[in-house]
Amino acid sequence: MATSPHEGPVVAETDRTYAKVFWRIVPLLMLCYVVAYLDRVNVGFAKLQMSQDLGFSETVFGLGAGVFFVGYFLFEVPSNILLHRVGARVWIARIMITWGLLSAAFIWVQTPTTFYVMRFLLGLAEAGFYPGVILYMTYWYPAHRRAKIIAMFMSAIPVAGIFGNPLSGWIMDLFQGTGGMQGWQWMFIIEALPALVMGLVVLMFLDNNIRQAKWLTEQEKQLLEREIVADQKGTQSKHSIGAIFGDRRVWLMCLIYFCFVMGQYGLTFWMPTLIKATGVTGNLNIGLFSAIPFGCAIVAMNLIGRSADAHRERRWHLVVPAIFGAVGFIVAASFAHNTVVSVAALSLAAAGVLTCAPLFWSLPTSFLSGAAAAVGIAAINSVGNLAGFVSPYLVGYLKDATQSTQSGMYVLAGTLVVGAFAVLRTPARLVNR
């Protein structure tokens with residue numbers, strides 16, 4: 001087939017424009033998510049001191065860690081609708097500043113009840129950030145560019161683990177007893193400050209959409225808008241809330257995401273405890289060992305995200321990581337007292353489950369657009385993230401009941417397998433574009 005003489009320059013101009021968009025918005029949002037995720041899961045590291053200081057059982061900790069997602073669930077859809085109406089800049093900044101203040105307030109937790117209430121309020125505050133960013137990406141990127149970009153954005157999760165876990169351990173060890181406060185209290189205060197700073201940065205630098213971006217030329221704006229319009233012609237989305245919740249495809253997406261989130265939060269909340277159980281001592285050392293699986297996850301999620309976009313194939317790029325994640329959990333549970341084998345298996349599990357999350361969003365965003373995307377993405381994320389409540393609570397309950405994390409890891413592996421089979425129920429013609 002003959003190539004148009006204009007095709008090369010057009011492709012080059014398109015690539016240059018998307019590179020410009022990338023450097024303007026993706027690193028900023030990724031940094032915001034690093035801060036968000038650190039404030040969401042640093043309670044898993046605080047547990048190493050907090051549970052002993054306050055007399056919390058594994059079940060109390062698991063319930064407190066998970067109740068975050070009840071508040072998250074309740075405000076997720078309203079939050080995304082508000083973001084769609086008032087704009088990402090103001091709404092994402094509001095989210096970050098609110099959760100920064102609440103995260104710092106954890107220094108006053110003394111009883112299980114106050115722990116549950118504060119985690120619930122933190123969930124309310126943060127609801128809408130992650131699905132809001134996913135929605136925001138659909139304003140800028142067409143479907144065939146989205147998996148790679150979302151994978152890069154979600155690299156924030158392992159980055160938060162790589163830097164956040166050693167940082168948390170270092171803060172807890174260094175500041176223990178300073179000013180009459182425990183190390184875990186200092187950790188909550190210090191790690192809340194970046195959220196407040198980033199909230200102000202978002203207000204100054206984030207643009208709501210292509211048309212409002214003063215750093216783009218008119219030609220670049222028109223190019224990006226044509227790409228989005230052409231992409232949306234291939235979607236078939238209904239725009240009423242009732243239609244979204246009556247769509248079987250949306251409920252299938254909820255099931256798939258629930259299974260993957262079970263693995264994700266089982267890993268991130270319990271990683272320090274699992275590493276400690278292998279015989280590693282010292283909070284900083286536990287943090288350093290915990291960083292290894294997250295480093296493996298960064299490599300895997302970006303390589304597989306690029307492959308999914310290059311081949312325009314979505315289903316098997318999700319199924320294979322999910323199965324590998326399940327295998328990692330099983331091996332980690334079977335060799336729970338062997339540090340080398342356990343860390344290697346947790347690295348496989350992390351690479352699998354953390355790769356599933358960004359690649360998953362190429363499925364629903366392939367058939368949802370516009371107002372339907374605002375509601376649909378938030379609905380899928382809120383229902384799926386109920387696994388963030390179930391997963392840590394279930395692992396904690398099973399650990400108290402059996403005095404081992406083994407059964408909890410087997411349950412997480414099983415849910416990943418269920419999620420993999422559910423992905424194959426999605427028609428390839430619907431998502432492979």
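Select helix H3 (residues 58-86) and helix H6 (residues 129-140) in this predicted model. The two cross in a right-handed sense. Their axes come within 9 Å and cross at roughly 30°. Angles under 35 degrees count as roughly parallel, so H3 and H6 are roughly parallel to each other.

Now show the side chains at this crossing. From H3, pick Tyr 72, Glu 76, Asn 80, Leu 83 and His 84; from H6, pick Tyr 130, Pro 131, Gly 132, Leu 135 and Tyr 139. Sorted by class, this contact has 6 nonpolar, 3 polar and 1 charged residues.

On the H3 side, select Phe 75, Ser 79, Leu 82, Leu 83 and Val 86, which meet Ala 88, Trp 91, Ile 92, Arg 94 and Ile 95 in H4. The contact of H3 with H4 has 8 nonpolar, 1 polar and 1 charged residues.

Next, the core. Which residues of the largest nonpolar core touch the most other members? They are Ile 92, Phe 129, Trp 140, Tyr 141 and Phe 360, out of 134 residues in that core. Helix H12 (residues 248-277) gives the most to this core, with 15 residues.

Finally, centre the view on Phe 129. Leaving aside residues up to four places away in sequence, Phe 129 touches Leu 29, Cys 32, Tyr 33, Ala 36, Ile 92, Ile 95, Met 96, Trp 99 and Phe 153.

Conventions: Residues are numbered from 1 along each chain as its sequence is written. This is a predicted model: local features need pLDDT of at least 70, side-chain atom pairs count only at pLDDT 80 or more; totals for chains, interfaces and linings use all residues. Side-chain values use heavy atoms; hydrogens and water are left out. Axes are lines fitted to C-alpha atoms, for helices over the stretch in contact, and angles run from 0 to 180 degrees between N-to-C directions. Helices (H or I, at least four residues) and strands (E, at least two) are DSSP runs, numbered from the N terminus. Angles under 35 degrees count as roughly parallel, over 145 as roughly antiparallel, 65 to 115 as roughly perpendicular and the rest as oblique. A crossing is left-handed if the near helix is turned anticlockwise from the far one by less than a right angle, and right-handed if clockwise. Contact means heavy atoms within 4.5 Å. Ala, Val, Leu, Ile, Met, Phe, Trp, Tyr, Cys and Pro count as nonpolar, Asp, Glu, Lys and Arg as charged, and the others, Gly among them, as polar. A nonpolar core is a set of buried Ala, Val, Leu, Ile, Met, Phe, Trp, Tyr and Cys residues joined through side-chain atoms within 4.5 Å. Buried means under 20% relative accessible area, exposed over 50%, partly exposed in between (1.4 Å probe, protein chains only).
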